[in-house]
Every structure is written in C-alpha cells, then in structure tokens.
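Look at the structure first, then read the points below.

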Amino acid sequence: AEVIGSPEVPPTAIQASAYAQIRDGADVVLHSETGSGKTLAYVAPLVARRVPCVVLAPSDLLRAQIDATRRALDDDDDDEADQQTNNNAAARRARFLDVVYGGAPAMCVVTPRDALAAFRAVDEAGGRHNRTRPANGGGDAPQQRLCLVVDEADGLLRPLGRYASKGVKEQRTGRAPPGERVARRIVECHPDAQLVAASATVGRPLRRLLDQIIDRDVAVARATTETGAPTPPRRPDDDEISSSSSTPFFARKPGAPRAVSAPAALVAHLVAPFAAPRPKKDAPPKSKSGAEEPARPSKRHLLALREALAATRPRRALVALADDDADLDRVVRELRGDAWPACRLDPQTLLAGPDTTNTGAGRRRGEVLVAPMRGLRGLDVRDLDLVLLLGKPGSPDEYLHVAGRAGRASRAGVALTVAPYHETKVLRSWATQLDVRFIDVPEISLLPPVADLLDDDESEVSSSSSSEEQKAEASPGAGDHRVGVVGLEPA
C-alpha cells in the first residue's frame, strides 16, 4: 500500500482504478496496455490483505518476476528461505496445496504445469475428496476466502475469438487448456473464491469464459481519466499521418473500447522483409544421415538478424524468435561472433537487470537477450529500447504481447519485425486490429539507428502544444504514438 499512491511513485491509471475493487474482494479483470502496472495493481492489495491467494502465470520467467514483486512488498517473509522455496518445484507444489487445501494466508505463484502436477499427487494419494471441501486444519475458525489470480488470462485460458493464436481452435475442440483446468478445479474447491484476471487483450470471448468459470459476472477495470471516464484510444493527429496514404487509418468511432491496443510508448513499428524460400509443409529439416534435426533459424534468418542489429545499434535489445523450437544457443553464438554481448533470457538475467559492467564511451555494442516468443507474455525486461521479432508472430495478440516488452511505463521503445516477404504481408494486415501503422523498410541495411528514432520522438514531445500536454495529463500513463519518423513511409 505504500507503493501505490506514494508521493515518490504515483499510481498508474489502472492501479488507481483497480486497487479498491481488489481490496474489497470484487471479481474483476484488469484491462490495460502492456507496461501499465497491472501486476503491481493486484499484488499490492492482496499482500496487504493477507488472504490465501493463488497466482497462475503462463511461464517460469513471469512466475519468478511476480514472486520477486511479492517479496519486495511483503516485509514479514524470510526472503532467502522464501526464494529457495520458489526455486524448488517440489516446494512450490507443496506450498500451492497448503494454500488451496489448507487455507494458508499466503500468496503462491505457480504455472499450470506445477499446479496440475500437485493435483495429480493429491489424486494418486487418494485425496480426491478434498476437491469439494478444503481442510480446516483441525480448528473451528472459518476459512478465509481464497483469491485466484489469472495473469495473462488470454494466454492461459486461450478463448476462441478473432485474436486467437493459430491452432487454438483445434486445441479448444478437445481438452481444455491447462490454465483453464487448474482454474476450474480451484473454483470447484472454493466456489466463493475471488477471481482477478489481468491482460492487455480482453475481448468478449475471454469475459464470457471467466463468467463461466466462477458462475457469476466479472467486472472489467480499465485505465480511467481524471473525470472517471475510460481512457479513449490514441488517435494520431492529422499531421502525423503520411500524406502518401489514402486509406483511412481508423474506421471506428473515437472512444470505442478495444480488445487489443498497442502500447502508447512504442514510437515506431518497423517491418524489414528479406528473401527466404517458403517452408514445405510436413517437411522437417534433415541431416546428411537422413535423421531429423531440431528446428533452428536458417542461415538467412541469422544473416538478417545480424544485419538488423548492426543497422539499428540498440543499447539493450530483446530478440524474440517465432520458432518455438529454435536453437537459442546457436543464435547466441552467432551474435557473440559479431561481438554482441548476447545471452539467453532466464530468470537470473531477467531479475538482475541491465549489464552495467561494460558501459560508457568505450562500449561498442549493446546487450542482446534471446528468447522464444511464447514465454515473453507479461515480462518486464528493464531498459529495453528495441524488441526485434525474428519471424512472424502467430497472431495479432501475440505480436502485441511480444512488441510490448518495449515501450513500458512510458519509456519509449521501438518494435522491429524481421521476416521473409511472404510473412510480412500477413503482418501488415493486422494494422487495423492492433491500432498501429507499420512502417515498411525496403532493405534491412536502410534501418535507422534506434537512438535516432527515440531522439526524434523526444524532440517532438518537448515541442508539443499546451493543448496536447493537457490531453496527456488527462490520460495517465499514455504517450505519443508516432508513426511518421526519419522519412520512412508508413506501409
């Protein structure tokens, strides 16, 4: 509670809107752009309440980050012992069962994989009767109401809808996703549980699914202005849109709520195509002996990546690989061969922050982190000025969540997609859904340095009129959404 609303760190719009609702036990889904502080918006009131709480996170990286936020706010926990518990899978599962079945007043952050493994252990031990009534611990004291938090709810529950990733419809025709199975089992044990969900992409399919899971209506908390009205979507001024474009940028009414919206602080969405053959269907790569090899970026992909980094010269970049089976170590080796201080994105690197051992005028290349796209949802990777997507994301929803690792907390950033020509054509068709304008760069060598893009945006912001400043004050956390920069034409 000292963090949100303190003079040193004023609350963001979504934190101010959702704090009281979560504190009072309301069922709510937090809908706000990436980097707006949704994690702190639910962690702070729940830590202050001291209630049994289960937080479902889609990846181990996000689990570690949420737990670090919890430890920073909880003064009563033994940090060293608690961190050891959360680094051990068996200890995490035991703590999860203690919260769900024992009613322990603690916050437990787990992935669906850990939760399902814990439930299987209970079932194999003959404890299935506990699914409908949690243990009382031998006392007569009433059980505290459990709170279930589903972070990155659209990614965990994977509802059907226009923003769903490729393959979701086929998956939804069979067994429910792991995140949904865990949520339903917890609600089966605690029918009165408080449900809190958070995501940057909240559409009607997700809201309907959340209503079905807890069998009651879930309210939606959005970032609001000082007058209490929802923050309107950002719309570029007329002089920001290139005169060469004859197609209207928006075909919707101003102020209409959107399920998907790109971060305001992303000053440019660049697309740089390169030539690469279309992959053959059902034809995995083979070695000289004929045996199948793990999928990995092709030589053309790696060459395009190296050229893009050399042209943009970022201070700290995140390379997101569209291929989930890509050989990350091979990518790291290739980048280190070009003198880039590259490494894989792991929990230690994520929580440690930027590398400050090689800074100053003598530093020739910025730090580069490498990770697959699938595990990047919700992560707060500090001081990123560039997110480079190598290959086309699976859906507009995935693009938003990956590109949104930059441009967080009003810190300007750039999203760059480097992909073969046949993939960039599909990417550009998502512009209306994402509320952005992609800027085509005909050749990778023509990409401008990231520093020039960010400096250009800062100069435009500083010279803005007083009326624009008043609009920014009325929309906390929002920033300018620049599209026409350094002479590049929008796609």
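A crossing of two helices is called right-handed if the near helix is turned clockwise from the far one by less than a right angle, and left-handed if the turn is anticlockwise. The model shown here is predicted. Two helix pairs are described in turn.

**Helices α11 and α12**

- Helix α11 covers residues 299-312 and helix α12 covers residues 328-337.
- The angle at which α11 and α12 pack is about 45 degrees, and their axes lie 11 Å apart.
- α11 and α12 are therefore oblique to each other.
- The crossing in which α11 passes α12 is right-handed.
- On the α11 side, K299, L302, L305, R306 and L309 make the contact, while α12 contributes R330, V331, E334 and L335.
- Sorted by type, the residues of this contact of α11 with α12 are 5 nonpolar and 4 charged, with no polar ones.

**Helices α2 and α3**

- Helix α2 runs over residues 38-49, and helix α3 over residues 60-73.
- α2 and α3 pack at an angle of about 45 degrees, and 10 Å separates their axes.
- The helices α2 and α3 are therefore oblique to each other.
- α2 passes α3 in a crossing that is right-handed.
- From α2, the contact involves T39, L40, Y42, V43, A44 and V47; from α3, it involves I66, T69, R70 and L73.
- The contact of α2 with α3 has 7 nonpolar, 2 polar and 1 charged residues.

Technical notes
Residues are numbered from 1 along each chain as its sequence is written. This is a predicted model: local features need pLDDT of at least 70, side-chain atom pairs count only at pLDDT 80 or more; totals for chains, interfaces and linings use all residues. Side-chain values use heavy atoms; hydrogens and water are left out. Axes are lines fitted to C-alpha atoms, for helices over the stretch in contact, and angles run from 0 to 180 degrees between N-to-C directions. Helices (H or I, at least four residues) and strands (E, at least two) are DSSP runs, numbered from the N terminus. Angles under 35 degrees count as roughly parallel, over 145 as roughly antiparallel, 65 to 115 as roughly perpendicular and the rest as oblique. Contact means heavy atoms within 4.5 Å. Ala, Val, Leu, Ile, Met, Phe, Trp, Tyr, Cys and Pro count as nonpolar, Asp, Glu, Lys and Arg as charged, and the others, Gly among them, as polar.
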